[in-house]
Amino acid sequence: MSDGVIIYSSQAEPLAAHLSPLRPLRLMRRHGPLIVQFAQREVLERHHGAALGVVWNIINPLLSLAVYTFVFGVVMGVAWPQQPGSPHAATPFALILFCGQTIFHVFAESVNRAPTLVTSRRSFVRKVVFPLEILSISAVLSTLVYLVVSVALIVLASFVFTGHVSSALWAFPLVMVPLYLLSLGLSWLLSSLGVFLTDIRNIVSVATGLLMFCSAVFYPVERIPADFRFLVEYNPLTILVESGRRTLLWSQTPDWPALGAVTVLSLLTAQVGFAFFSKSKRGMADVV
């Protein structure tokens, strides 16, 4: 019997093991403080070197709302059709646009950041004990700062322009749940692909810009010709944008069946994205 060297290596887990819905929940519970720490770092790094630092998280949405109000309200005088069933006076076009842009911004910020999440943290990839999955969670969670500031501005501006505050504000967090699940799932998927496909960053940037124009951010769905309306109506982001406007501006609850369908889709996206990332991270150290 000849002597030899026996090398033991951990066997890759089957894909079914990564598809367990309890697995990402355990990860978040186990690494909660670390996730918060990295989310704070994401917020700080976003304006690293700027004199005002994190204050830009307040200035940016405030300037956006001011510019939209001046350009679309004062210069162009654009009006959005009165929302049927809304008890409020006509809402300024600039405020409706800003509301849609705020919701889409959460999605766009998450997916545009995703392709470089892992490659920009090369030192963590080589650490066996570091849970790379939390990078996407922290990046998506960091968008909450912009969202909270923007929603506060929307509620305040709505009161100033219409004299009312939406009575359906309580439903807005229910709209954000599928939005964040969808953003997280795509972030896991794209951050993994970004390691192996360097061009994915440019593709995502272009796709996000095109998707914004297909999500009813700048126009009401009713303005689209009937033959092409289904392309926008069945876009999950359109449903989320419209539901956000209904709850923040028009004292209306979301379209519950449509929101429920988007929530199921978002849950599936998050689970598939997590499984894909977990399955592929074993090969990241060889590439990064």
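Four salt bridges are present in the structure, a salt bridge being a side-chain nitrogen of Lys or Arg within 4 Å of a carboxyl oxygen of Asp or Glu. The model is predicted, so that local features need pLDDT of at least 70 and side-chain atom pairs count only at pLDDT 80 or more, whereas totals for chains, interfaces and linings use all residues. Residues are numbered from 1 along each chain as its sequence is written, and side-chain values use heavy atoms, with hydrogens and water left out.

Helices (H or I, at least four residues) are DSSP runs, numbered from the N terminus. Arg121 counts as buried at 10% relative accessibility, and Glu42 is buried at 6% (buried, under 20% relative accessible area; exposed, over 50%; partly exposed, in between; 1.4 Å probe, protein chains only).

The side chains of Glu133 and Lys281 form another salt bridge, at 2.9 Å, N to O. Because Glu133 is in the loop between helix 6 and helix 7 (134–141) and Lys281 in the loop between helix 13 (256–280) and helix 14 (284–287), the pair ties together parts 148 residues apart in sequence. Glu133 is buried, with a relative accessible area of 5%, while Lys281 is partly exposed at 29%.

Within helix 12 (residues 236–248), Arg245 and Glu242 lie three residues apart, about one turn of the helix. Their closest N and O atoms are 3.2 Å apart in a salt bridge, and both residues are buried. Salt bridges with shared partners also join Glu42, Arg113 and Arg121 into one network.

Technical notes: Helix = DSSP H or I, 4+ residues; strand = E, 2+ residues; numbered from the N terminus.
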